[in-house]
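Colleague: I have a model open and want to learn to read it feature by feature. Can we go through it together?

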Amino acid sequence: MSVQIAPSILSADFAALGAAVAAVERGGADLIHVDVMDGHFVPNITIGPPVVRSLKRVAGRPLDVHLMIAQPDRYIEAFAQAGAAMISVHVEVLPHLHRTIHAIKALGVKAGVVLNPSTPVTALEQIAGDVDFVLVMSVNPGFGGQTFIARSTRKVAEVRAALDAAGNLDAPIEVDGGIDAGTAPQVVAAGARILVAGNAIFGSPDAERATRELRALANAALPVAAAPGR
Ligand code: DX5
Ligand code: ZN
């Protein structure tokens, strides 16, 4: 198993998203991370299904859609139809999380749950066996370019233990927020297998190269037994 890199287009030039996607795909991006914000759950507003549909036409990699919105149930179908391969929803806004996760799966889309930095791992307890992946926020969602919250590394290990305890050994942990050359190896060592990076990739002068370098660094941090080719 190798670590997957999911560049977040939040930090790309929104007038040139096609070029941004092409650059990171040349650099070996495994997924394209799409941050959807509604100005309610988080203080920022970004994009909706029409942009996902346009990205789907140009992207050669699966679209990983992170819904930072107050009412995800209303929009899941639209994002699935627009071409999302993965949809993640925040546990903080969903009283019927089990229903939502199974609704995403019924659309043929991989379903993930997201934990904000202050949300305890115990929030996962009754859903850990149902999810396709878990996204651990390592910043408070809403903006790119924030500083990684150090405690997140330990939280990744705790989430891994919760998934394993539920028998969900294959569900990967994704980490989002402040991932760069310094933090990527730590979270991989703790069990993360999908790394989102916005500023570290699109804030660099060469997004293709930044993707390639982050991927190599992340894979080098894998425990020997999990390294690619073994
Ligand atoms: C934060 C978003 C992230 C963000 C990460 O609310 O969910 O995906 O783009 O950006 P960086 O890597 O710059 O912290
Ligand atoms: Zn995100």
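Colleague: Let me start with a polar contact. Which backbone atom lies 2.9 Å from a polar atom of the side chain of Thr46?

Modeller: The backbone nitrogen of Met37. Keep in mind that this is a predicted model. Now look at the other partner. The side chain of Thr46 also reaches the backbone oxygen of Asp35, at 2.7 Å. Thr46 sits in the loop between β2 and α2 (49–58).

Colleague: Asp35 turns up there. Which residues coordinate the zinc ion (ligand 2)?

Modeller: Read a metal site donor by donor. Here the zinc ion (ligand 2) has His33 through NE2, Asp35 through OD, His66 through ND1 and Asp176 through OD. The distances run from 2.0 to 2.3 Å.

Colleague: Why is the arrangement around the zinc ion (ligand 2) called octahedral?

Modeller: Start from the ideal. Six octahedral donors give angles of 90 or 180 degrees. A site counts as octahedral if opposite donors are over 155 degrees apart and all others lie between 65 and 115. In this model six donor atoms surround the zinc ion (ligand 2), and their angles span 69 to 169°, which makes the arrangement octahedral.

Colleague: How are the donor residues of the zinc ion (ligand 2) spaced in sequence?

Modeller: The pattern is H-x1-D-x30-H-x109-D. The histidine pair links distant parts of the chain. His33 belongs to strand β2 (residues 32–37), and His66 to strand β3 (residues 63–68). They are 33 residues apart.

Colleague: Are His33 and His66 buried or exposed?

Modeller: Both are buried.

Colleague: Next, the ligand. How many residues surround ligand 1?

Modeller: The count is 20. The closest are Asp35, Gly142, Gly145, Asp176 and Gly198. Then check polar pairs. An oxygen of ligand 1 comes to 2.7 Å from a side-chain N or O atom of Asp35. For the side chain of Asp176, the distance from a ligand 1 oxygen to an N or O atom is 2.7 Å. Asn199 contributes a polar backbone atom, 2.9 Å from an oxygen of ligand 1.

Colleague: How much of ligand 1 does the protein bury?

Modeller: Compare with the ligand taken alone. By itself ligand 1 exposes 380 Å², and the protein buries 99% of that.

Colleague: What about single residues? Why does Asp64 count as buried?

Modeller: Asp64 has 0%, so it counts as buried. Asp64 lies in strand β3. Gly27 is in the loop between α1 (17–26) and β2.

Colleague: And at the other end of the scale, why does Ala220 count as exposed?

Modeller: Ala220 has 67% relative accessibility, so it counts as exposed. Ala220 lies in helix α8 (residues 207–220).

Colleague: Last, the whole chain. Why does its radius of gyration agree with a compact globule?

Modeller: With 230 residues, a compact globule would have a value near 17 Å; the chain has 16 Å, so the two agree. The C-alpha box is roughly 45 × 40 × 30 Å along the principal axes. The chain has eight helices and eight strands. Of its 230 residues, 53% count as buried.

Terms used:
Residues numbered from 1 in each chain as written. Chains lettered and ligands numbered in written order. Predicted model: local features only at pLDDT ≥ 70, side-chain atom pairs only at ≥ 80, totals over all residues. Heavy atoms only, no water. Donors = N, O, S within 2.8 Å, 3.2 Å for Na, K, Ca; no water. Tetrahedral: all angles 85-135°; square planar, octahedral: opposite > 155°, others 65-115°. Helix = DSSP H or I, 4+ residues; strand = E, 2+ residues; numbered from the N terminus. Buried < 20%, exposed > 50% of the residue type's maximum accessible area, 1.4 Å probe, protein only. Near = heavy atom within 4 Å. Polar contact = N/O pair within 3.5 Å; in protein donor to acceptor, adjacent residues only side chain to side chain. Areas by Shrake-Rupley, 256 points an atom, 1.4 Å probe, with all protein chains shown as cover. Rg over C-alpha atoms; globule rule 2.2 N^0.38 Å.
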